[in-house]
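Dear colleague,

I am passing on the structure we spoke of, and you will find it directly below. My notes follow it, and I would be grateful if you read them with the model open.

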Amino acid sequence: MNRFFDIPSDLQHSWAGLIGLHLREALLPVLGGLLLALPLAQLCVRLRWLYPPVLWVTTVLYAIPSLAFFVVLIDYTGQTETTVMIPLTVYTLVVLVPAIVDGVRSVPQETLAAATAMGFGPVRRYVQVQLPIAVPAIIAGLRVATVSSISLVSVGTLIGNQGALGNLLHDATIYNRPELAWNAVLTMAVLAILADALLVGLRVLLTPWMPSGTAGRADLRVRKEAVAP
Amino acid sequence: MNVLHYVQAFFSDHAHWQGYDGIPTRVGEHIGYTLEALALAALIGLPVGLLTGHFGRGGNTLSLIATAARALPTFGLLVLMTMLIGFGMLPVMIPLVVLAVPPILVTTYEAVRSVDRSPVDAARGMGMREAGVLLRVELPVALPLILGGLRSAAIQIVSTATIAAYVSLGGLGRYIVDGLYQRDYEKVVGGATLVAGLALVTLGLFWAVGRVAVSAGVRRSN
């Protein structure tokens, strides 16, 4: 058990340090992706013809393996955290844009008409009516994006020690210490599950009008028109 | 040199089109890994999703299992499996199947659950057995969504099967991993382009399967 947390010195971090690094590399792209996806999705809701091409482009980008993405970016951003975070932001968009578009579109026409009749302008209607109703769908998207982001950071180890907890995997093979690989896999899995649970909690906080039993179903809700995964 | 130059240089080089490390060989290997992983994942996800969806039980358990499976890092699992059971096909298939089962399982379950209850009750009222209700009423109506889940899984596998190269197997990941170590960006970009192209072909194939397999009545009502 001692050897489990005995991190080789070449990683220049303690176990807790690697966790902090990992969370930063995984969560900043999700945040950036959300900030990009909100206006992009709003544009897709406004201009319906824009939605299919946006889905196709993001799906093709999504299909590019993360390692290839990293290697190509090294030319521009070097062997840094930025190189890992740019592709993760792009992958986040693929999940979030359809989630937000479907969420906003699922708001019933009567609700919108009622808001307009109460004198809500387009901006206020979007922020105070459409977005809150879309929260369960947006959070469902954020859950998938966050969990896959935490998993993908580890590939950064292949471009030279930029994988945070994933660097343990590289050390596990060169020092032939499987317990380091166990540590990496289990720590990442626990981080992902904790982040997922926090997002579920956030949804419960943000949608006090939903009965907690049915709110859970919203995560599994299947999107009928989505082209992207 | 920008990315497009790399793409052009890679595909116009005759050496990349033949032999052991040629594009046809690598594409063939990649398709092989993808089909194997998708078949294994479908073999697990489809029956379980169909049955739980039909009986309407275990939705929460399924969502827990899917969350846990998603939380396992694919690349980390590959390294761990290789250390535990050595090099070969099995340590590559395990992470790919773990990656692909959740979308298939969850979508299939939800697709069957979302089938309109009235035709299902009508089928029962006409004396159809449970297996008939599932296979001849619920499955055809749920098929478009089930195909959507399989499509998500297939695209993720196509993109992720590149990790096979990291443990000395073939496939399109070879170009990416070898290109990385040889500092040959032409190869990396070429490999990534082929993977993205294969993903587009996959999207097209699923669209075509949907046209053929989904009954006209179901398509009209959507």
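Predicted model: local features only at pLDDT ≥ 70, side-chain atom pairs only at ≥ 80, totals over all residues.

What is B:Thr74 in contact with, once its neighbours within four places in sequence are left aside? On the chain B side the partners are B:Pro95, B:Leu99, B:Thr160 and B:Ile163, and from chain A there is A:Ser151.

**The nonpolar patch**

B:Leu84 also belongs to a nonpolar patch on the surface, which it forms with B:Ile85, B:Leu90, A:Trp182 and A:Leu186, and the accessible area of these residues together is about 460 Å². Two helices, α8 (178–206) of chain A and α4 (74–85) of chain B, each supply at least two residues of this patch.

**The interface**

Turning to the contact between the chains, 46 residues from chain A and 47 residues from chain B take part in it. Together the two chains bury about 3900 Å², and 76% of that area lies on carbon and sulfur atoms.

**Annotated spans**

The UniProt record, in an unreviewed entry, places the feature "domain: ABC transmembrane type-1" at residues 19–203 of chain A, and in the model this span is 82% helix and 0% strand, with its end C-alpha atoms 25 Å apart. For chain B, UniProt lists the feature "domain: ABC transmembrane type-1" at residues 27–206, again from an unreviewed entry; here the chain is 83% helix and 0% strand, and the end C-alpha atoms are 19 Å apart.

For chain A, UniProt also lists "transmembrane region" (unreviewed entry) at residues 26–47, 54–76, 82–101 and 180–202. Among them, residues 26–47 of chain A are 95% helix and 0% strand, with end C-alpha atoms that lie 31 Å apart, while residues 82–101 of chain A are 100% helix and 0% strand, with end C-alpha atoms 28 Å apart.

Notes:
Residues numbered from 1 in each chain as written. Chains lettered and ligands numbered in written order. Heavy atoms only, no water. Patch = residues over 30% accessible without salt bridge, like charges linked within 9 Å, V, L, I, M, F, W, Y side chains within 5 Å. Areas by Shrake-Rupley, 256 points an atom, 1.4 Å probe, with all protein chains shown as cover. Salt bridge = Lys/Arg side-chain N within 4 Å of Asp/Glu carboxyl O. Helix = DSSP H or I, 4+ residues; strand = E, 2+ residues; numbered from the N terminus. Contact = heavy atoms within 4.5 Å. UniProt positions renumbered as here; feature names shortened; annotations may be inferred. Buried area = accessible area lost by both parts, 1.4 Å probe.
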